[in-house]
Protein chains: 2
Amino acid sequence: MTEHYEVYKKYKKRVDEVLAGAITKKHPETLYEPMRYILNSGGKRIRPMLVISCCEACGGKMEDALNASVAIELLHNFTLVHDDIMDNADKRRGMETIHKKWNQNVAILCGDLLIGVAYLYLLKTKSGKLNEIINIFTEGVIEVCEGQGYDKEFEKRDDVTLYEYKMMISKKTAKMLETSAVVGALCAGAGDEKISSIRQYAANIGIAFQIQDDLLDINADGSELGKNIGGDLVEGKKTYLLLKAIEVINDKQDKSKIENIVYQQGLKSGNMKDILEIKNIYNKYGIIESAKKEIEHYTGLADECLNTIPDGVYKERLRWFSEMLMGRSF
Amino acid sequence: MTEHYEVYKKYKKRVDEVLAGAITKKHPETLYEPMRYILNSGGKRIRPMLVISCCEACGGKMEDALNASVAIELLHNFTLVHDDIMDNADKRRGMETIHKKWNQNVAILCGDLLIGVAYLYLLKTKSGKLNEIINIFTEGVIEVCEGQGYDKEFEKRDDVTLYEYKMMISKKTAKMLETSAVVGALCAGAGDEKISSIRQYAANIGIAFQIQDDLLDINADGSELGKNIGGDLVEGKKTYLLLKAIEVINDKQDKSKIENIVYQQGLKSGNMKDILEIKNIYNKYGIIESAKKEIEHYTGLADECLNTIPDGVYKERLRWFSEMLMGRSF
């Protein structure tokens with residue numbers, strides 16, 4: 001456990017070193033300053049770690065996947081910057097979001113630039129499978145946009161099902177982890193069988209990761225989370241918890257409190273009292289427990305997918321990685 | 001002349017056919033519907049024509065460059081969608097802009113998707129030089145963002161020089177034409193010498209093209225232009241005409257009218273009377289004439305760059321292409 005964490009810290013440091021090289025440009029200032037700001041805002045570099053770990057699990061070396069892992073982190077940051085505009089979010093990682101600190105135009109352009117620079121780093125990858133890598137990466141860009149599109153559409157709909165929710169998070173969240181994992185495996189020159197394992201491992205982790213995210217929005221400590229508690233409720237996001245609550249609650253009064261969030265497209269006032277009331281309803285009907293079980297279920301599935309990966313330290317690290325993700329409190 | 005125009009129409013039709021294949025997806029609706037809308041809004045497909053013509057001038061065939069030419073058009077449309085948000089533009093090609101017809105979030109996400117789909121089409125290109133092509137394309141994405149960043153910064157500055165203006169338009173406008181041309185040449189497998197010629201040809205056309213754009217903003221017929229006359233003045237854009245006027249006008253009253261646009265970051269009222277007054281000042285001091293001479297100068301330079309391209313119909317078509325661009329009234 002501690003050994004894996006030490007490796008994670010070591011790799012994170014290397015990733016940060018390479019990332020630092022992406023933000024040395026000074027002009028135009030309104031473009032590169034916000035880019036530096038978001039990349040220096042204390043990201044956990046989870047996706048680069050997944051790229052590198054999957055590369056190693058398929059027989060490659062950390063350096064083979066380093067530029068690609070940085071490309072994935074840049075792409076991830078593009079989604080953060082643009083999603084924060086669309087969600088009108090004030091805070092990210094405890095800091096002001098770019099569109100609040102500068103303005104919306106700066107944030108749009110900074111996100112666009114991050115996509116370009118992401119490809120630039122991807123193209124630095126030395127691999128006979130570079131074209132496949134760029135293809136997978138591009139598929140990732142497209143599906144992440146589709147996922148975000150569904151997420152925004154769902155905010156305005158009152159009949160979203162849990163089935164649709166899972167389709168949406170497969171694209172919005174899981175696809176980026178899947179892309180990270182497959183790109184890592186390709187950097188190691190992995191064949192179809194291993195790639196398929198790695199892909200499914202990451203897709204399952206991705207689902208668990210998003211449900212965990214939904215759970216943390218209501219169940220975490222705000223200062224740890226780096227943003228306001230209950231933000232999803234205020235925005236009217238269709239989370240696992242909200243949809244599950246609609247499915248299981250029969251009591252008229254409690255159900256109507258939940259449904260009002262749906263019909264009003266978000267908590268009307270959004271103050272802490274309302275948010276805590278919803279949290280109590282979630283607790284009362286076992287919604288929090290149900291989310292935790294879902295997370296365990298998908299983490300378990302992820303583990304099972306690793307059957308084609310040879311036993312050893314790298315496989316153990318992938319198991320540690322999913323446990324670490326699900327144990328996070330922010 | 002007519003023969004080249006016939007070829008242009010034929011190629012435009014092929015480009016439109018391939019583009020139609022990019023927009024067959026139905027869901028999420030708020031993503032693919034605006035994408036269909038912008039791609040069906042009557043673009044002239046100038047950049048795809050440049051890709052294909054440069055491919056042919058370097059010995060390739062139209063089909064070699066077709067997917068790449070569609071990728072360039074998709075990328076160009078991404079810049080239109082995002083720039084229109086940033087410039088708060090209401091109309092484009094005579095139609096409502098996406099952020100006005102839908103909303104801003106839809107426009108942000110639609111632009112992002114266009115980048116992804118652009119790469120998808122680029123990757124369909126069958127060429128031994130695919131990695132170089134993707135590299136050039138990616139450089140293009142980054143520089144276009146930088147150009148737009150400078151353009152927005154310049155709106156807020158009162159000391160922009162003509163030198164800085166040319167640097168900005170080299171990135172914002174000329175780079176996309178340069179990228180089109182070099183990608184086309186690479187699709188034909190061209191060597192360094194030809195690529196260098198083609199690159200400089202397109203870079204010069206790009207400068208002429210933007211000055212022409214600046215000129216049309218004040219000098220065109222609004223219905224032909226597909227957007228409102230004088231939009232650049234209203235937004236406080238640092239155009240060639242505005243910067244040249246500041247440079248040459250000494251008369252106190254006329255100079256202060258021009259400088260007020262700069263200091264107020266745009267025409268305060270933006271009504272037709274004010275716009276026509278500025279146009280009269282431009283005419284009085286030969287600013288319109290000066291812009292026309294600049295356009296001729298850069299078009300001439302572009303022609304001279306074609307010295308490494310063998311004489312014949314394809315070279316003539318590149319000459320026709322730049323004349324056609326500069327003769328446009330919209």
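1. Helices α3(A) and α8(A) cross in a right-handed manner (a crossing is left-handed if the near helix is turned anticlockwise from the far one by less than a right angle, and right-handed if clockwise). Helix α3 covers residues 46–57 of chain A and helix α8 residues 162–187 of chain A; their axes lie 7 Å apart, at an angle of about 35°. Axes here are lines fitted to C-alpha atoms, for helices over the stretch in contact, with angles running from 0 to 180 degrees between N-to-C directions. Helices (H or I, at least four residues) and strands (E, at least two) are DSSP runs, numbered from the N terminus.

2. A word on conventions: this is a predicted model, in which local features need pLDDT of at least 70, side-chain atom pairs count only at pLDDT 80 or more, and totals for chains, interfaces and linings use all residues. Residues are numbered from 1 along each chain as its sequence is written, while chains are lettered from A and ligands numbered from 1 in the order in which they are written.

3. Which residues meet where α3(A) and α8(A) pack? From α3(A) they include Arg47(A), Leu50(A), Val51(A) and Cys54(A), and from α8(A) they include Met176(A), Ser180(A), Gly184(A) and Ala185(A). Contact means that the C-beta atoms of two residues, placed from the backbone, lie within 7 Å.

4. The largest nonpolar core has 216 residues, and Ala118(A), Ala185(A), Ala118(B) and Ala185(B) have the most contacts inside it. Domain 1 (1–127) and domain 2 (141–175 + 186–311) of chain B both contribute residues, so this core lies between them; the domain bounds come from an automatic or database domain assignment. A nonpolar core is a set of buried Ala, Val, Leu, Ile, Met, Phe, Trp, Tyr and Cys residues joined through C-beta atoms within 7 Å. Buried means 20 or more other C-beta atoms within 10 Å of the residue's own, exposed 12 or fewer, and partly exposed in between, with C-beta atoms placed from the backbone. Beyond its neighbours within four places in sequence, Ala185(B) contacts residues including Cys54(B), Cys58(B), Lys194(B) and Ile198(B).

5. The contact between the chains takes 31 residues from chain B and 31 residues from chain A. On chain B, α2 (29–39), α4 (62–86), α6 (104–122) and α7 (130–155) each supply at least two residues of the side that touches chain A. The largest share of that side, 14 residues, comes from α7(B).

6. Some backbone details deserve a look. His27(A) and Pro28(A) are joined by a cis peptide bond, with omega about -5°, and Pro28(A) sits in the loop between α1 (2–21) and α2 (29–39) of chain A. A cis peptide bond also joins His27(B) and Pro28(B), with omega about -5°.

7. Arg45(A) is not a glycine, yet has a positive phi of about 60°; it lies in the loop between α2 and α3 of chain A. Is Arg45(A) buried or exposed? Arg45(A) is buried, with 24 other C-beta atoms within 10 Å.
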